[in-house]
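Please look over the sequence and the model shown here before reading on.

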Amino acid sequence: MSATAQPESFRKPELICPAGSLPALKAAIDNGADAVYLGFKNDTNARNFSGLNFDLKTMAEGIRYAQSRGRQVLLALNTYAQAGRVADWRKAVDQAVDLGVNAIILADVGLLDYAAKTHPQARLHLSVQGSATSYEAINFAYEMFGVRRAVLPRVLTLAQVEHVIKNTPVEIEVFGFGSLCVMNEGRCWLSSYACGESPNTVGACSPAKFVKWDKQPDAMEVRLNGILIDRFGNDENAGYPTICKGRFEVAGETYYAMEEPVSLNVVELLPEIMRIGVAAIKVEGRQRSPAYVTQVTRALRQAIDAAAANPDRFVVKPQWMSDLAKVSEGTQATLGAYNRPWR
Amino acid sequence: MSTFIIPKFALPGFVAKIGARLPQWPHALSLICGLNLVRSLGILPAETLAEIDGRTFRVTVLDTGAVATFTLQGGVFKPVFGKASPDLQFTANLSAYLQLLARQEDPDTLFFNRQLTIEGDTELGLTVKNMLDAVDFSTLRASLSRLPGFARLRDHGDSHTQTSPA
Ligand code: SF4
């Protein structure tokens with residue numbers, strides 16, 4: 001703590017890191033994550049990519065690895081149960097409880113209800129895919145399902161985040177680093193429009209089977225189900241093949257009409273995030289490799305510790321920023337909506 | 001173990017020119033032997049191997065001029081000769097491959113920075129990438145150390161801490 005007294009709301013947030021595989025989980029824990037979040041190898045989570053995620057055996061091993069070191073495991077069950085298959089999602093809730101995860105991250109109201117009634121002792125978090133941006137929505141989830149934490153969509157300014165925190169008993173988790181999903185989390189139709197599949201339905205935005213990278217002599221073209229999303233010149237950085245980050249011709253001009261391929265990075269806002277009482281900071285990227293998890297966890301661990309030790313004299317180290325910029329999509333970093341002047 | 005960071009480098013152009021003229025089978029064979037060794041240790045998930053069985057892959061090292069084309073057939077990696085286009089193709093400089101193998105860099109990072117080109121079946125690419133990411137080096141080391149001649153690997157530290165700058 002610094003010499004200057006901090007407000008009562010001041011709190012050192014937990015660092016929550018992504019784990020798409022056992023080596024990524026170990027990398028997160030070894031480099032200082034307070035918790036990891038992970039998912040099953042199926043469409044019950046929003047990163048349902050071929051070969052990614054955990055079967056029951058590796059998940060049990062991962063949970064053991066984390067919990068024996070005093071860290072937590074949060075299970076993302078953050079897609080919406082599909083018609084006729086509700087039993088699959090309910091089974092995943094039961095398995096998560098049996099495995100002894102520290103919390104389950106849910107978006108679907110029906111599943112929240114099931115989890116709250118069937119496993120009243122389980123700790124439930126409201127997923128970003130639940131798209132709750134107001135304290136009223138969060139308090140509703142608290143009253144109905146006893147939700148203990150909510151992950152806020154990346155659409156609010158810090159002042160708005162503070163307003164939410166002041167008006168809810170639920171812990172608030174915010175995104176601190178990673179690729180941005182354009183400001184419409186949990187409600188995006190772009191991927192469905194192009195290929196009939198989206199994060200909420202099959203657990204993946206722009207599923208790989210619809211993606212075609214095409215090397216041309218002067219550029220790399222990328223198409224999603226035949227729709228040209230972007231052409232990267234040979235010296236230009238590439239990004240993920242999502243429609244929101246494509247370049248399109250609008251009124252005679254070709255540009256990133258929706259979102260630039262950039263990553264969110266809140267390091268310079270850490271003292272402010274602590275002052276308003278954010279409970280946890282989440283890193284995006286379960287689809288990324290252990291090397292990414294290592295680099296990001298290490299940089300954020302140091303930054304959070306430094307900011308918590310001395311929030312008033314916190315200085316951003318260029319090394320953290322360059323390490324984080326290197327692994328960023330588009331290798332650019334932004335503060336996202338947190339410091340947006342408009343609302 | 002002491003820290004060693006693999007720098008980004010490119011070998012001079014003449015290396016690739018000479019390399020491309022040399023027979024391609026020696027390094028293709030060593031790559032394939034390595035893959036078969038890893039496969040025989042049972043640390044690659046059987047279901048993912050079944051998914052990629054019958055597909056062809058090409059790994060091109062730009063700055064050495066080396067090209068290896070291979071397939072997985074009935075659970076065994078085998079070389080493929082001839083020019084037919086593979087299902088999946090990786091192209092990068094040697095330093096990028098070394099950084100990937102040491103888990104020092106993330107393939108997405110190298111791909112965004114255009115240091116690694118992946119062409120062909122995107123889903124297959126993702127499957128392979130995720131399969132390799134999921135290999136737990138501590139298990140690999142334990143299995144290797146049971147093989148004659150690999151015992152010395154046993155004393156090495158964990159892969160993801162090897163690259164720590166501290
Ligand atoms: S298209 Fe963009 S905004 Fe929509 S789900 Fe995909 S990443 Fe998110």
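Is A:Tyr292 buried or exposed? In this predicted model, A:Tyr292 counts as buried, because its relative accessibility is 1% and the buried class takes in residues under 20%.

## An aromatic pair within chain A

When the whole structure is searched over all chains, eight aromatic pairs are found. One of them is formed by A:Phe177 and A:Tyr292, whose ring centres are 6.4 Å apart and whose planes stand at 40°, so the pair is tilted, given that stacked pairs lie under 30 degrees and edge-to-face pairs over 60.

## Other rings and the charges over them

Ring pairs also join A:Trp213, A:Phe232 and B:Phe111 into a cluster, which includes residues of chain A and of chain B.

Two arginines of chain A have their charged ends over aromatic rings: that of A:Arg69 sits over the ring of A:Tyr65, 3.6 Å from the ring centre, while that of A:Arg154 sits over the ring of A:Phe175, 3.7 Å from the ring centre.

The size of an interface is often given as the accessible area lost when the parts come together. Between chain A and chain B the buried area is about 3,000 Å², and carbon and sulfur atoms give 51% of that area. On the side of chain A, the residues that lose the most area to chain B are A:Pro23, A:Ser50 and A:Trp213, which together account for 17% of what that side buries. Counted by residues, 42 of chain A are in contact with 32 of chain B.

The two chains are also joined by four salt bridges, and one salt bridge brings together the side chains of A:Lys26 and B:Asp136, with 2.6 Å from N to O. Across this interface, 13 residue pairs are in polar contact, counting pairs in which both residues are at pLDDT 80 or more. The elements that give two or more residues to the side of chain A that touches chain B are helix 1 (22-30), strand 8 (211-215), strand 10 (227-233), helix 10 and helix 11 (318-327) of chain A. Helix 10 of chain A provides the largest share of that side, six residues.

Key. Residues are numbered from 1 along each chain as its sequence is written. Chains are lettered from A and ligands numbered from 1 in the order in which they are written. This is a predicted model: local features need pLDDT of at least 70, side-chain atom pairs count only at pLDDT 80 or more; totals for chains, interfaces and linings use all residues. Side-chain values use heavy atoms; hydrogens and water are left out. Rings of Phe, Tyr and Trp (its six-membered ring) pair if their centres lie within 6.5 Å; planes under 30 degrees apart count as stacked, over 60 as edge-to-face and the rest as tilted. Buried means under 20% relative accessible area, exposed over 50%, partly exposed in between (1.4 Å probe, protein chains only). A charge sits over a ring if NZ of Lys or CZ of Arg is within 6 Å of the ring centre and within 35 degrees of the ring normal. Contact means heavy atoms within 4.5 Å. Buried area is the accessible area (1.4 Å probe) that two parts lose on being put together, summed over both. A polar contact is a pair of N or O atoms within 3.5 Å; within protein, one must be able to donate a hydrogen and the other to accept it, and residues adjacent in sequence count only if both atoms are side-chain atoms. Helices (H or I, at least four residues) and strands (E, at least two) are DSSP runs, numbered from the N terminus.
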